[in-house]
Amino acid sequence: MTVQSTPRHHRWRSWNCLPSEGCSSCPPADSLLRQINLKQTTAGQLIVGISEHVTYWNNLGRKDPYSSRVFTERQSVYASRLSPEGSYTPQMVLNGRDQFVGSDGPALERALRDDARREHLKLRIVSSALTSEGIDVKFAFAGNPSKPLGVIAVLADDTDRSNVLRGENSGRQLQHVSVARSLARVATVRDEGEQLIHVSFPEGLSRSSGSGHHLILFAQESHRGAILGAATMPL
């Protein structure tokens with residue numbers, strides 16, 4: 001999941017949810033994400049989730065329509081750094097630094113408290129314009145990172161629902177928020193300033209304004225390291 005800073009609150013938290021519709025343990029994680037997505041903590045942290053559906057449950061009765069190998073590979077890199085037990089679902093990753101079972105609310109609260117003591121940088125969306133093929137975005141970065149950071153763009157559905165007919169969740173209607181439809185590195189930041197980028201629409205994403213999607217940008221250290229800044233906006 002990822003996060004936004006507002007003019008009055010420059011604290012944010014990036015929270016990646018790594019579920020699958022084929023996993024019977026994932027609906028409680030979806031429920032937790034719905035409860036905290038775009039909410040502020042008592043410390044002024046604005047939480048924006050990214051639900052990145054993985055693929056390795058797809059051969060067990062039903063293909064998750066939101067799954068992508070991009071998300072599976074991203075989780076694998078996180079697991080190599082953060083998770084002695086390897087990849088699993090539902091897994092949550094907070095700001096690329098902490099991981100825990102996605103339905104574990106107390107673990108989330110502890111991770112948020114720990115992360116509030118860390119330094120973060122500022123990433124802000126200055127302007128945007130829809131085109132026939134995507135969205136042109138100007139963003140501003142403020143801070144002096146010790147090494148270059150990659151800027152990652154995510155296009156996500158605000159909400160999704162699925163009626164599951166096969167697999168572990170057969171007979172259930174699943175509800176999701178902030179479902180990633182695309183994820184790509186779009187820029188590099190080394191110091192303060194503004195940049196222009198283009199983010200292409202993935203296949204099947206509605207291209208009209210107000211259609212229930214949002215853009216997330218986050219600045220991350222290499223090799224799926226710490227996320228140091230993030231911003232989001234509706235499309």
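Among contacts in the protein chain of this predicted model between residues at least 6 apart in sequence, 64% join residues at least 24 apart. Of the 235 residues, 53% count as buried. The secondary structure comprises 3 helices and 11 strands, arranged along the sequence in the pattern β-α-β-α-β-β-α-β-β-β-β-β-β-β. The radius of gyration is 17 Å, close to the 18 Å given by the globule rule for 235 residues, so the chain is as compact as a globular protein of that length. Along its principal axes, the C-alpha trace spans about 50 × 40 × 30 Å.

**Confidence**

The mean pLDDT of the protein chain is 87, and 91% of its residues reach 70 or more. Over residues 1-10, pLDDT stays under 50, and the model has 46 contacts beyond four places in sequence for this stretch. Where pLDDT is low, the predicted coordinates should not be read in detail.

**Nonpolar cores**

The largest nonpolar core holds 25 residues, of which Phe139, Leu215 and Leu217 touch the most other members. Strand 5 (122-130), strand 6 (134-142), strand 7 (149-163), strand 8 (173-189), strand 9 (193-200), strand 10 (213-220) and strand 11 (227-234) each contribute at least two residues to this core. A second, separate core consists of 17 residues, including Tyr78, Leu82, Ile152 and Ala180. In soluble globular proteins, nonpolar side chains tend to be buried together.

In helix 1 (residues 27-36), the buried residues are Pro27, Ala29, Asp30, Leu32, Leu33 and Ile36.

An open sheet is formed by 3 strands in the order 5-6-9, with antiparallel pairing. Strand 5 and strand 9 stand at the edges and have a single partner strand each, so one side of each is left without a neighbour in the sheet. Direction ignored, neighbouring strands of this sheet are turned by 25° against each other on average. Within the sheet, strand 6 and strand 9 pair in the antiparallel sense over 8 bridges, and aspartate 136 stands opposite histidine 198 in strand 9.

Strand 3 (residues 91-94) and strand 4 (residues 98-101) also pair in the antiparallel sense, over 4 bridges. Methionine 92 stands opposite phenylalanine 100 in strand 4. These two strands form a hairpin with 3 residues between them.

**Backbone geometry**

Most residues other than glycine have a negative phi, and most peptide bonds are trans.

| Residue | Location | Phi |
|---|---|---|
| Leucine 38 | just after helix 1 | about 65° |
| Asparagine 95 | turn of the hairpin of strand 3 and strand 4 | about 55° |
| Serine 178 | strand 8 | about 50° |
| Histidine 223 | loop between strand 10 and strand 11 | about 60° |

The peptide bond from threonine 89 to proline 90 is cis, with omega near -5°. Proline 90 is located in the loop between helix 2 (69-82) and strand 3.

Definitions and conventions. Residues are numbered from 1 along each chain as its sequence is written. This is a predicted model: local features need pLDDT of at least 70, side-chain atom pairs count only at pLDDT 80 or more; totals for chains, interfaces and linings use all residues. Side-chain values use heavy atoms; hydrogens and water are left out. pLDDT is the predictor's confidence in each residue, from 0 to 100. Contact means heavy atoms within 4.5 Å. A nonpolar core is a set of buried Ala, Val, Leu, Ile, Met, Phe, Trp, Tyr and Cys residues joined through side-chain atoms within 4.5 Å. Buried means under 20% relative accessible area, exposed over 50%, partly exposed in between (1.4 Å probe, protein chains only). Two strands pair if DSSP finds at least two bridges between them. Axes are lines fitted to C-alpha atoms, for helices over the stretch in contact, and angles run from 0 to 180 degrees between N-to-C directions. The radius of gyration is taken over C-alpha atoms; the globule rule is 2.2 Å times the number of residues to the power 0.38.
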